[in-house]
Amino acid sequence: FSTLGVKALRGMHVPKVSDYIYAIVEDRFYRVDATGAAVQKGTLSTVGGHVAMESDGVRILMVDGVGGYYYNMQTDAFTPASSPNFPNGAQTVSFLAGRMICEDPSVTGQFRWSDQYSDTWPTLNFARAEASPDGLAGTFVMNGQLMLLGNLTLEPWGVTEDDELPYAPIRGAVAQWGIAAVQSASSYMGTLAFLGRTLEGQVQVVKMVGYQPVPISIPELDYRINNFVTVEDAQAFSYMLGGHPMYEITFPTAGETWLYDGLSQCWSEVKTGAGRHIAELAVNYRNQIYVSDYRSGAILRLDPTALTDNGEAIIRTIQGKHIADGGGLSVAEMWIDVEMGVGTATGQGSDPQLMLQTSKDGGSTWSNELWHSIGPQGVRQRRAIFRRLGWGFDWVFRVSLSDPVQLSLVGAYMIAA
C-alpha cells in the first residue's frame with residue numbers, strides 16, 4: 001500500500017474524523033492518503049521506540065516516552081507539547097470527555113489531563129490511582145470509562161459532571177491484575193484485551209468481562225509465555241475477519257506471534273516464513289485493516305485471500321492431538337481429505353504438495369516429511385493417502401502446506417490396529 005522508509009513504523013493512527021492514515025518512521029511524521037501517497041508533516045526529536053497517538057477531532061497528540069507532539073489537522077501545524085505541566089515521559093495517550101489523558105511518570109500512580117479540546121495542561125488537572133501504590137503503566141478508554149493500567153491492579157474511573165474533577169474512581173471495581181505489557185492493550189469484542197499479570201506473578205492473556213479480567217489464553221500457551229525471557233515488549237492489535245474477532249499478540253524478543261479467534265476460542269501460532277508474523281501495528285482505514293511491516297517502513301493491507309505475506313511463503317500447519325494406546329498402534333493407512341485441484345496455473349503451486357509428519361513418541365521427535373500432491377489446477381479426483389506409517393505407543397500427526405494455494409481441510413482418517 002505504501003512505503004515510508006527502511007525502518008519499522010513506530011506508530012500508526014487513523015482519527016475518527018479524518019480520511020488519512022498518520023504514521024511515524026524514525027523521526028518523521030507522515031500523512032498517508034487513500035492512494036498510499038505520503039507527505040511528511042513534522043519531525044520528532046527521537047528516532048526509536050513506540051509512539052502512541054490519539055486525536056480529539058482537531059489535534060493529534062503523540063507521546064514517545066520522552067515528550068509529546070501535536071499536529072493540528074485543520075491548520076497543518078506540527079508543534080512540540082509545550083504546556084509546562086505536560087506529562088513528559090508518558091507512553092500512552094487516551095481521549096475521554098473532550099480531554100487528552102496521559103500517565104505522569106514523574107509521580108507514582110499519577111495521571112494528567114488537558115483542558116477540553118485544548119493543548120493546555122493546567123497545574124491542577126491531575127489525580128492518582130487510589131486502590132494500590134503500584135506504578136501506573138498507562139491509560140486506556142473502555143466503553144466510555146477510563147482504565148488505569150497499573151503494574152499490579154486495574155482501576156476503572158468514570159466521567160463526572162465536575163469540570164474541575166472530570167473523572168472519579170468507580171468504587172468496588174478494582175481488579176487484582178496488572179498489565180505485563182502496556183502495548184498489548186487493545187479494544188476487542190467491545191471490551192479490552194491485554195497481557196495481564198496476577199499478584200502471584202503469572203502472565204496470561206485476558207479479556208475484560210465487566211470490570212474483571214478473565215483469562216483467554218490456554219495452559220499450554222501460558223506455560224510458553226511464562227518461560228519467555230521477557231514479555232514487557234509484547235505488542236497486540238485486534239480486528240474482525242469474516243465474523244471472527246481476532247486478537248494478535250507478538251513477543252518480539254521471543255520471536256513469536258499468537259492469534260486468538262474469539263468465535264472459535266482457538267489459538268494459533270502465526271509466522272511469516274520461519275519467524276514471527278510480519279505485522280506489528282494495525283489500523284482500520286476505510287473499513288479495511290492495514291498493518292505495518294516490522295522489518296521495514298511498509299504499510300500493508302491485511303487481505304484474508306492473500307496466499308503470501310508480502311511475497312513470502314505462508315506455511316500453514318495443522319497438528320492433531322495425541323492418539324495413544326497402551327499396547328501400541330500400527331497405522332496401516334491415513335488419508336487426508338482437502339479441497340483438491342487448487343494448483344496455480346504456473347510456477348510454485350502448479351502441483352501443490354501436502355506434507356505429513358508423524359511422531360510416535362508424543363511429539364518429542366518427528367519423521368521426515370512425506371509428500372502427496374493435492375492436484376494441479378482443476379484435477380479434483382484425487383485423495384492424499386499415506387500408507388505403512390509404522391507402529392508406536394503415542395501418535396501425533398502434523399500436516400503442512402507451503403505452496404501459495406488455498407488450503408481447505410475436510411477431515412483425516414486412519415486405519416490402525
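Student: Which residues line the largest cavity?
Tutor: This is a predicted model, so read everything that way. The lining of the largest cavity is made by Ala129, Asp134, Gly135, Leu136, Leu148, Gly150, Thr153 and Glu155.

Student: What volume does the largest cavity have?
Tutor: About 30 Å³.

Student: And how many cavities of 30 Å³ or more are there?
Tutor: The count comes to one.

Student: Which of them gives the most to the lining?
Tutor: E23, with six residues.

Student: How many residues line that second largest pocket, and which lie nearest its centre?
Tutor: The lining has 49 residues. Nearest the centre are His13, Met53, Glu54, Phe140 and Ser187.

Student: Let's take Glu54. Which strand is glutamate 54 in?
Tutor: Strand E6.

Student: What is glutamate 54 in contact with, leaving aside neighbours within four places in sequence?
Tutor: His13, for one, which also lies among the residues nearest the pocket centre.

Student: How far is glutamate 54 from valine 405?
Tutor: Their C-alpha atoms are separated by 39 Å. Along the chain, the two residues are 351 apart.

Student: Is alanine 324 buried or exposed?
Tutor: Exposed, because its relative accessible area is 57% and the cut-off for exposed is over 50%.

Student: Switching to backbone. What's the phi of methionine 189?
Tutor: Positive, about 55°, although Met189 is not a glycine. Met189 lies in the loop between E19 and strand E20 (191-198). Its relative accessible area is 42%, so Met189 counts as partly exposed.

Student: What about the phi of asparagine 287?
Tutor: Near 65°, which is again a positive value in a residue other than glycine. Asn287 sits in the loop between E29 and strand E30 (288-293).

Student: Why does asparagine 287 count as exposed?
Tutor: Because Asn287 has 75% relative accessibility, and exposed means over 50%.

Student: Zoom out. How many helices and strands does the protein have?
Tutor: One helix and 39 strands. The C-alpha atoms fill a box of roughly 75 × 50 × 30 Å along the principal axes.

Student: What share of the residues is buried?
Tutor: Buried residues make up 50% of the 417. The protein exposes about 19,200 Å², and carbon and sulfur atoms supply 50% of that area.

Student: And the contacts, what share joins residues at least 24 apart?
Tutor: 53%, among contacts between residues at least 6 apart in sequence.

Student: Last one. How many positive and negative charges are there?
Tutor: The protein has 28 positive and 42 negative charges. Their mean positions are 6 Å apart.

How values were computed: Residues numbered from 1 in each chain as written. Predicted model: local features only at pLDDT ≥ 70, side-chain atom pairs only at ≥ 80, totals over all residues. Heavy atoms only, no water. Helix = DSSP H or I, 4+ residues; strand = E, 2+ residues; numbered from the N terminus. Buried < 20%, exposed > 50% of the residue type's maximum accessible area, 1.4 Å probe, protein only. Contact = heavy atoms within 4.5 Å. Areas by Shrake-Rupley, 256 points an atom, 1.4 Å probe, with all protein chains shown as cover. Lys, Arg positive; Asp, Glu negative; His and termini not counted. Charge placed at Lys NZ, Arg CZ, Asp CG, Glu CD. 1 Å grid on protein atoms, 1.4 Å probe; cavity = no way out; pocket = protein on both sides within 12 Å on 5 of 7 lines; lining within 4 Å. Points joined across faces, edges and corners; volume = space filled by probe spheres on them.
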